[in-house]
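Have the structure open as you read.

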Amino acid sequence: MLIVVIAGLLVGLVMGALGGGGAIMTMPLLTLALGLPPTHATVGSLVVVISGAISGLVSHLRRRHVRRGIGVVFGALGTGGAVLAANVSGLLDDAVLLTLFSALLVIVAATMIVKNTRRRSPRPSSNHDGPENRPAWSDPRSWLPLILTATVVGFLTGLFGVGGGFLIVPALTMVFGMDMRRAIGTSLVAILVTSLVALSLHASVLPHLEWDVVGPFAGAAVVGSALGARMGHRINTRLLSLGFAGLLVLTGCYTALQSVPRLLG
């Protein structure tokens, strides 16, 4: 039980502080460390993601770091990808699913490392009429990247039970010019919407889920997410991101070592 609580706190802490990333650890933790089958781990991960997103969102709303309209639009656009993933997941063997997930872990880690090591040009300070205060659909140039990113996030959420914040936060900063804090808070709205849709598509698994594991995990994630959201403006998120990226690489390699021999055998 102690490992369940520690794992949940870690996932929630990263999710609350960075607006995403922590949830991607939930599936390997539930499968490799806690013994759940991958299909159940995907659904359990969605429960954890939803719980953590709600907790972190409350803290960000209090600080007015959330653009709810953009978050809801982003999440709604991701439902198509979630539906597609729900149909695809039933066709994949567990070994295939874990192998694909290990590749995703390494790709996400590489993205985080590149994003946090390259030099950033100073971003002009936001004002009341800044792009983050306009509706997501106000600029036609933002439609295509918005739809593509939201669809990919929805697909990954439905297939692996991840929140997709590692894609949403960069999209909100680059496409809509949001500062990092608002992007993190807004990403939690999109994560919540997409994850709820994905969970509804896997509703048949819920009665058979290992709630004695998923329940405490989700509860700890709620506490961790609240703490992460409060600490996010005090801690060095760049160092946290780099350290977490290293952890993702190690987890991805370990997951591949467990799944690839089964896939080849």
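Helices H5 and H7 cross in a right-handed way. Keep in mind that this model is predicted. H5 covers residues 79-89 and H7 covers residues 143-160. On the H5 side, the residues that touch are Gly81, Ala82, Leu84, Ala85, Val88 and Ser89, while H7 brings Thr151, Gly154, Phe155, Gly158 and Leu159. What kinds of residues meet here? The contact of H5 with H7 holds six nonpolar residues, five polar ones and no charged ones.

Now turn to another pair, H3 (residues 38-62) and H9 (residues 180-201). The crossing of H3 and H9 is left-handed. Among the H3 residues in this contact are Val43, Leu46, Ile50 and His60, and H9 contributes residues including Arg181, Ile184, Leu188 and Ser195. The contact of H3 with H9 is made up of 16 nonpolar, four polar and one charged residue.

Here is the geometry of the two pairs:

| Helix pair | Packing angle | Distance between axes |
|---|---|---|
| H5 and H7 | about 35 degrees | 7 Å |
| H3 and H9 | about 145 degrees | 9 Å |

Finally, look at the surface. Which residues form a nonpolar patch there? They are Met1, Val5, Leu9, Val223, Leu227 and Met231, and together they have about 490 Å² of accessible area. Helix H1 (2-18) and helix H10 (211-231) each supply at least two residues of this patch. Val5, for instance, lies in H1. H10 gives the most to the patch, with three residues.

Notes:
Residues numbered from 1 in each chain as written. Predicted model: local features only at pLDDT ≥ 70, side-chain atom pairs only at ≥ 80, totals over all residues. Heavy atoms only, no water. Axes fitted to C-alpha atoms, helices over the stretch in contact; angles between N-to-C directions. Helix = DSSP H or I, 4+ residues; strand = E, 2+ residues; numbered from the N terminus. Left-handed = near helix turned anticlockwise from the far one by under 90°. Contact = heavy atoms within 4.5 Å. Nonpolar A, V, L, I, M, F, W, Y, C, P; charged D, E, K, R; others polar. Patch = residues over 30% accessible without salt bridge, like charges linked within 9 Å, V, L, I, M, F, W, Y side chains within 5 Å. Areas by Shrake-Rupley, 256 points an atom, 1.4 Å probe, with all protein chains shown as cover. Salt bridge = Lys/Arg side-chain N within 4 Å of Asp/Glu carboxyl O.
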